[in-house]
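Hello,

Here is the structure I promised to pass on.

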Amino acid sequence: MNRKKKINETLKKRMKKANAKLHKSNKPRYISKAERAKLEAEAALQAAEATTTPSETETMSTETSVS
């Protein structure tokens with residue numbers, strides 16, 4: 001009985017591992033703290049550039065050309 005049980009357990013364990021490889025995880029990829037800080041800084045820089053409206057840049061260019 002023990003031999004049969006051990007063989008069945010081994011086969012079940014192999015099947016479980018094979019099934020686990022077939023299914024992908026929904027867990028997101030790990031991003032380190034330093035990488036998150038870098039991404040956040042880039043996003044802040046892009047947001048700052050996006051908030052600068054064309055009218056502000058026009059006034060800056062006219063001020064420099066008038067001076």
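Let me begin with helix H1: zero of its 21 residues are buried, so H1 lies largely in the open. Buried here means under 20% relative accessible area, exposed means over 50%, and partly exposed is in between (1.4 Å probe, protein chains only). From its first C-alpha to its last, H1 reaches 31 Å, close to the 30 Å expected at 1.5 Å a residue; the expected span is 1.5 Å times one less than the number of residues.

Before going further, a word on the source. This is a predicted model, in which local features need pLDDT of at least 70 and side-chain atom pairs count only at pLDDT 80 or more, while totals for chains, interfaces and linings use all residues. Residues are numbered from 1 along each chain as its sequence is written, and side-chain values use heavy atoms, with hydrogens and water left out.

As for confidence, the protein averages a pLDDT (the predictor's confidence in each residue, from 0 to 100) of 85, and 78% of the residues score at least 70.

Helices (H or I, at least four residues) and strands (E, at least two) are DSSP runs, numbered from the N terminus. Of the protein's 67 residues, 0% count as buried. The exposed surface comes to about 7,100 Å², with carbon and sulfur atoms supplying 58% of it; areas come from the Shrake-Rupley method with a 1.4 Å probe.

How many salt bridges does the structure hold? There is one, where the term means a side-chain nitrogen of Lys or Arg within 4 Å of a carboxyl oxygen of Asp or Glu. Glu-35 pairs with Lys-38, their closest N and O atoms being 4.0 Å apart. Both lie in helix H2 (residues 33–51), three residues apart, about one turn of the helix. Glu-35 is partly exposed at 32% relative accessibility, and Lys-38 is partly exposed at 46%.

Best wishes
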